[in-house]
2 protein chains.
Amino acid sequence: MRRPAEETRRHILDVAGDLFYSRGVRAVGMDLVIGTAGVANATLYRQFANKDELVTAYLVSRNEHWWQRLRETAAAAPSPRARIKALFDLTRQDMASPGYRGCATLNITSEFPDADHPAHAAAVAHKNEVQTWLSEQLREAGDANPDDTAGKLLIILDGAQVLAAAMATDTPGDHMIQLAEQLLDTRLPAPL
Amino acid sequence: MRRPAEETRRHILDVAGDLFYSRGVRAVGMDLVIGTAGVANATLYRQFANKDELVTAYLVSRNEHWWQRLRETAAAAPSPRARIKALFDLTRQDMASPGYRGCATLNITSEFPDADHPAHAAAVAHKNEVQTWLSEQLREAGDANPDDTAGKLLIILDGAQVLAAAMATDTPGDHMIQLAEQLLDTRLPAPL
DNA sequence: GACAAGAGAGAACGATCCGTCTCATCCTCG
DNA sequence: CGAGGATGAGACGGATCGTTCTCTCTTGTC
């Protein structure tokens, strides 16, 4: 069984990810992950040394997947502004899907406030990457102060996500789109 | 000791609140609350039947205190728009204070995703009250669609809080103020 | 066909956690 | 002064948690 090693790791990560995301990390015990994955105790601990390591791997994997989705949809966008819109559309789509529980990255920072925790560090790193990506798109689109606008877009993005999750509504999705459009209209030069 | 009963309850609630807020509810055990409060085990459980009850009382108490602060500062405001601005100024002030961990209400919804949990219900109720308050101020200020604007203001407010806590920066505070001002400028009729 | 490696099943450990209980003490009120 | 009630200190139980360990069985490789 040479191959299944990687497969098993992926399977455990998927199962743990679903549980962590839907119920919260601290509310999910390792026994539950093991039982739900239908895997042996030793098998999990051969792939992940700690729960902390499993949690960090969950967040990293989820963020990688998110980047992949964004790049796919952004690739078809003709302009940097369209790429930014693709990000917001993608987020609104997530918010409307059943079982939406908000941004996994933000939930991690809420559950693990200690900045030294590896999962917390991974979360902060991801948010920084997103902000950098936004800033690059904005600069390319002609924004005179891209860092500033990127910070504001991130506020709109995360605020809508956290509210949608808390209130179990998707109206923040529409508000988010409108706010972002309005902000971009005032910051970006008119096209053509 | 007839009087101390209420005093003790308040003391326990304050101590537990500080711990819950700074470290997260699930990360704080009852033993730690008991030890930090310098109180006997039975004393705590005579005031609060469960941990759930203590957590809910913590959130309710904190929100009551927040409303009190808002009403105090808003009382001096001459217009509904000034009252809204008072809310944002108050939030920015909180964000700049040391040990800021974001909005306690949002943290609760993140730690207790189950909508049936009493603390989660209290959190949702509070967010609804704030949105209603905002909507009332906006209607009074002449907003044609106060509910819509209130939802957007809440996104800005909560987004900035969650980002400030996660990234341990207070720049979201400035962004938040600017976003709110800009939104109000486009929604409210010009004064005088 | 033999062997090493990984998988499953599960026991077991120490720690922690929430909550109940006992008991001696101290304060307050009658 | 005496009685009642709340308090502090702490033992205790059952549950769960994260983690380590053993033991057997399967499976792919040589």
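Biologist: At what angle do helix H6 (residues 104-111) of chain B and helix H7 (residues 118-141) of chain B pack?

Modeller: The axes of these two helices (lines fitted to C-alpha atoms over the stretch in contact) lie 9 Å apart. The model is predicted: local features need pLDDT of at least 70, side-chain atom pairs count only at pLDDT 80 or more, and totals for chains, interfaces and linings use all residues. Residues are numbered from 1 along each chain as its sequence is written, chains are lettered from A and ligands numbered from 1 in the order in which they are written, and side-chain values use heavy atoms, leaving out hydrogens and water. With angles running from 0 to 180 degrees between N-to-C directions, H6(B) and H7(B) pack at about 140°.

Biologist: Which word describes the orientation of H6(B) and H7(B) to each other?

Modeller: Angles under 35 degrees count as roughly parallel, over 145 as roughly antiparallel, 65 to 115 as roughly perpendicular and the rest as oblique. The angle here is about 140°. H6(B) and H7(B) are therefore oblique.

Biologist: Is the crossing of H6(B) and H7(B) left-handed or right-handed?

Modeller: A crossing is left-handed if the near helix is turned anticlockwise from the far one by less than a right angle, and right-handed if clockwise. The crossing of H6(B) and H7(B) is left-handed.

Biologist: How many residues of the contact of H6(B) with H7(B) are charged?

Modeller: Contact means heavy atoms within 4.5 Å, and the H6(B) side includes B:Leu106 and B:Ile108, while the H7(B) side includes B:His126 and B:Lys127. Ala, Val, Leu, Ile, Met, Phe, Trp, Tyr, Cys and Pro count as nonpolar, Asp, Glu, Lys and Arg as charged, and the others, Gly among them, as polar. The contact has four nonpolar and four polar residues, and the number charged is one.

Biologist: How is helix H4 (residues 51-75) of chain B oriented to H7(B), roughly parallel or roughly antiparallel?

Modeller: The axes of H4(B) and H7(B) lie 8 Å apart, at an angle of about 15°. That makes the two helices roughly parallel.

Biologist: How many nonpolar residues does the contact of H4(B) with H7(B) have?

Modeller: The crossing is right-handed. Among the residues in contact are B:Trp66 and B:Trp67 of H4(B), and B:Trp133 of H7(B). Besides three polar and one charged, the number of nonpolar residues is 13.

Biologist: How many charged residues are in the contact of H7(A) with H8(A)?

Modeller: Helix H7 (residues 118-141) and helix H8 (residues 146-167) of chain A cross at roughly 125°, with axes within 8 Å, and are therefore oblique to each other. Their crossing is right-handed, and the residues that meet include A:Arg139 in H7(A) and A:Asp158 in H8(A). Beside seven nonpolar and four polar residues, the charged ones number four.

Biologist: How many helices does chain A have?

Modeller: Helices (H or I, at least four residues) and strands (E, at least two) are DSSP runs, numbered from the N terminus. Chain A has zero strands, and its helices number nine.

Biologist: Which residues of chain A does UniProt list for "domain: HTH tetR-type"?

Modeller: The unreviewed UniProt entry gives a span that is 80% helix and 0% strand, with end C-alpha atoms 21 Å apart. Positions follow the numbering used here, feature names are shortened, and annotations may be inferred rather than shown by experiment. The record lists residues 6-66.

Biologist: Which residue of chain A has the C-alpha nearest the axis?

Modeller: A rotation of 180° with 0.0 Å of shift along its axis superposes chain A on chain B (RMSD 0.0 Å), by least squares on C-alpha atoms of residues with pLDDT of at least 70 in both. The two copies are thus related as by a two-fold rotation axis. At 1.6 Å from the axis, the nearest C-alpha in chain A is that of A:Gly159.
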